[in-house]
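Please read the following points with the coordinates open beside you. They take up a loop residue, a hairpin and a helix in turn.

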Amino acid sequence: MLTSCKVASAALVVLVLAACETRTPAAPPEIDLALASLEKASIEAHLEYLADDALEGRMTGEPGYDAAARYVAERFHEAGLEAGGDDAWYQQVPLISYRVDGNSTALVAHRDSGDVAFTYPGDYVTAGDKVRQANSVRAEVVFAGFGVHAPELGYSDYDGLDVEGKIVAILGKAPATFPHNERAYYSSSRTKAAEAVRRGAVGVIGLRSAYQEHTYPWERIRKQAGTRPSMTWVDIAGHAADYFPEIEMAVTISPDAATKLFEGTRISFTEARAAGEAGRVASTPLGFEVSMTRRTNHERITSPNVIGIVRGMDPELADEYVVYSAHLDHLGIGVPENGDAIYNGAYDNAMGVALLLETARAFSASPPRRSVLFIAVTGEERGLLGSDYFANYPTVPTESLVANVNLDMPLFLYPLADVVAFGAEHSSLERIVERALAAEGLKLAEDPKPQETIFIRSDQFSFVRKGIPATFLVPGFDSADPTIDGASLEEDFRLNHYHRPSDDLNRPVHWESAVRFARANVRIGTIIGNADNRPTWNEGDFFGDRFARR
């Protein structure tokens, strides 16, 4: 907890910064009480409950997740929030849970020299079909680079390439030569599938880049294949979301299998990868057919988003909402590592939810002019499902949502010096975030890993797709202690603990940094909540031009 001297000093910084920008006034003096109430003990207690083995990794649709959802609802109630769901605190998300029958699937290359069969899951994996029980397709294979068509960037993997009725083999991600925002958008599997369908493709073979293999080796994919179901949400008409029935089947193959697939063609897999890394189009037919088959088992389930509201103080603005989000789910129980099969998700994302709960308590003590909506979403690890469902079926009017601040896997492994605000640069949120961080003595850092395309990989992107300015904050790589290499500690976590059982309560936490991060998040929402005008997209912004509400 900060001393009164430090609290007063922080408030003075906010007031001075606000004098430079009259349209977004500084936080009122009452916010100091809310900031002072933020406590390590509360955040730690939430973390310890949510990441405990008893919740069995909080898999969407399973009892451990439901227990976590009850816990969040109880904490919202204790903090004095209003229930914001369509079922008290809950918004039930209808889901299809589906899993491929591993014994039914086959992948065969049909060459003039003879057939080459690939094995599941050693050579390839497939998630199954969202709707159909059986799939079967045989067609010519065409290498289509990244599967990207970006004419505004002077780039297309499809120009002059006929993929009508064919299977496209495409690399993951998008060209590194793209600006990082455009690279994030065009890396989306949804964007790629839509483009492939538009051009008449009937199947997809996913190829892994060298960077993907470095960060998440094939051996881990192979071991996890089929151990967890895939999921999709269902709309009010009963249709599966983001379903492309024209794509009869999609698989992802290992680097070794890709090398075998490309043997004897116009381009080797090594050459295809190299072209992609150089941002050079090398699309070409491979000159043979591939057949793919599978059967899928389906189950209808539901899993709740948990929603609470702090009602705004200004009658004219209380019907507008600043949205804080954090995903409550993780990976459940999976393949054991070192005798541990529970994927607790302590940092990913029990920590984010713990911060969400503490932020809600702070705002309840000092509401801004606008209302603040807090949502712990389900199914993020299954494909941003809960946030996407809420964005399509919000429990308050869509036009009333002014901004989203997302919390997902903030790593407090070293003394905090800076913060990365993914997506803030697309809108007026950037100046707001920068001011809030400055009040806590923190700097706003640029994206340190644009190749990760993180902006499209967490729940804020569901809001962006509906035209709502959003940002996703995580600690930067700079350590306030010059003897500590923050970037190395972050890299170690991602390589050795991310989506593994060891992301548990044994992970170290620099608690002073966690509290400072929480304070900065409260400041951001306070500035947005008290401003005369809602956040706006920057003129000519890539995402704003595509998604902004007209």
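Predicted model: local features only at pLDDT ≥ 70, side-chain atom pairs only at ≥ 80, totals over all residues.

1. Residues are numbered from 1 along each chain as its sequence is written, and side-chain values use heavy atoms, with hydrogens and water left out.

2. Asp129 sits in the loop between strand E5 (124-125) and strand E6 (134-143), strands being DSSP runs of at least two residues and helices (H or I) runs of at least four, numbered from the N terminus. Asp129 is buried, with a relative accessible area of 2%, where buried means under 20% relative accessible area (1.4 Å probe, protein chains only). Beyond its neighbours within four places in sequence, the residues in contact with Asp129 (heavy atoms within 4.5 Å) include Tyr98, Glu248, Arg294 and His298.

3. Strand E15 (residues 332-337) pairs with strand E16 (residues 340-343) in the antiparallel sense over three bridges, pairing requiring that DSSP find at least two bridges between the strands. Glu337 has Asp340 in E16 as its bridge partner, and the hairpin leaves two residues between the strands, with Asn338 in the turn showing a positive phi of about 55°.

4. Helix H12 (residues 385-392) is largely enclosed by the rest of the structure, because seven of its eight residues are buried; among them are Leu385, Tyr389 and Phe390.

Notes. Buried < 20%, exposed > 50% of the residue type's maximum accessible area, 1.4 Å probe, protein only.
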